[in-house]
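Trainee: Hi! Could you walk me through this one? I'd like to start with the domains.

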Amino acid sequence: MTEPDHTHAGEHGSELSAMQLRVRALETVLTEKGYVDPAALDAIIETYETRVGPHIGARVVAKAWVDPDFKRALLDDASRATGTLKLANPAGDHLVAVENTPTLHHMVVCTLCSCYPWDMLGLPPVWYKSAPYRSRAVKDPRGVLADFGVTLPASTAIRVWDSTAETRFMVVPMRPAGTEGWSEERLAQLVTRDSMIGTGLARNADEVA
Amino acid sequence: MDGIHDLGGMDGFGRIDAEPDEPVFHAAWEGRVMAMQRAMMYAGAWNIDMLRYAQERLPPQVYLGVSYYERWALAAELSLVERGCGGGDELAAGHSLRPGKPLARKLTAAAVGEGLLRGGYARPAQGPARFAPGDRVRAKNIHPPTHTRLPRYVRGHVGTVERAHGCHVFPDSAAIDKGENPQWLYTVRFDGPELWGPDADPTVSVSVEAFEPYLEPAPESA
């Protein structure tokens, strides 16, 4: 059972069908045995397709940008600090937030599997779970950033966080120039998913309406 | 185990290919697999460490050759059988052929919001912490044949304890059904050249989350 039907996922429609059938068989067995309720599976999928995503983390970052007390609390204990925000999906335990500065840039990876702050960013993109990112982030983070079109000054140190336990990391990117006086809502539009992973920077002020 | 999943520091996988406007799922079955894994872990059929260990034991060519959620599907099939929750004959038939095993609980649609909350992994300490922030530690040169969360690329190298996180469930035990066996957990930071040699970028540092059994004291100065 550990042998898949094929070795190159998704290259052909017929292979996708094989996977659909295989997963349907699994769901039927689990359902008939009384382990899972298909309606609960629908609700889980709907949660991650429509409610939990990077907009949650973006709200947290925007708050940190405008509220120094919140930022201090966030960097001290992110699970506790985000718990005060009445988020649509509260962060679980062991969330750690780290702040980018002109002299230090943070990047988050999971070299062993795919650990990612789901509560703050939703499900991870394919590239985050892929061999190219997982292999290179810890050895050549500047090369990784180049793949994302990001070049940092040589004087900016890079810190890579390998998520090898149940601690989860999110990056607080630097607040872009020219955003003085902006509301949290408007600032949140600048906060991209990749900027909270550390493979990107926040958008420039002129990139949003 | 020294498996293919332990990818940190390997070369040759090529550039990172980020898909613009990527959908949450690329096919409906991916969402079903993700949701089934969540529901089965909620039910107590297996745990997160068993999910990871099941993937790690896929043959390397399979691990690298299939998509992420396909790995999760293969891991679900493996866990189902290993945990005594179902048989390969049932998966092949596409139907249950025997009654299910009693599980701790069942996730209902109404409970999904609460059921998706991330559980805590902190546990009461079994003893005093051996290390404190600022301590120099060496990641042990160990090669457990079963699940471990100490990546190969730090083994044998010296770093600095940066944070202590309290005691957490020990994945090496939980993955093989040996209980939670809580252990102190630390963030340990390594300098780039310590990991990758004198030619490495000295402005880079890397941290791992290391359980106390992975670490030993190191001299103050190398």
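Mentor: Happy to. In chain A the domain assignment gives domain 1 (13-50) and domain 2 (53-207). Keep in mind that this is a predicted model.

Trainee: How many Å apart are the C-alpha centres of domain 1 and domain 2 of chain A?

Mentor: Those centres lie 31 Å apart.

Trainee: OK, on to the interface. How many residues of chain A are in contact with chain B?

Mentor: 70 residues of chain A are in contact, and they meet 81 residues of chain B.

Trainee: Which element of chain A gives the most to that side?

Mentor: That's α1(A), with 12 residues. The elements giving two or more residues there also include α2 (38-51), α7 (131-136), α8 (141-147) and β3 (157-162) of chain A.

Trainee: And how do the residues on that side of chain A divide by type?

Mentor: There are 38 nonpolar residues, 16 polar and 16 charged.

Trainee: You listed β3(A). Which strand of chain B does β3(A) pair with?

Mentor: With β5 (residues 204-211) of chain B, in the parallel sense over 5 bridges. For a landmark, look at A:W161, whose bridge partner in β5(B) is B:S207.

Trainee: What about β4 (residues 183-191) of chain B?

Mentor: β4(B) and β3(B) are antiparallel too, over 6 bridges. Check B:C167, which has B:W184 as its bridge partner in β4(B).

Key. Residues numbered from 1 in each chain as written. Chains lettered and ligands numbered in written order. Predicted model: local features only at pLDDT ≥ 70, side-chain atom pairs only at ≥ 80, totals over all residues. Contact = placed C-beta atoms within 7 Å. Helix = DSSP H or I, 4+ residues; strand = E, 2+ residues; numbered from the N terminus. Nonpolar A, V, L, I, M, F, W, Y, C, P; charged D, E, K, R; others polar. Pairing = 2+ DSSP bridges. Domains from an automatic or database assignment.
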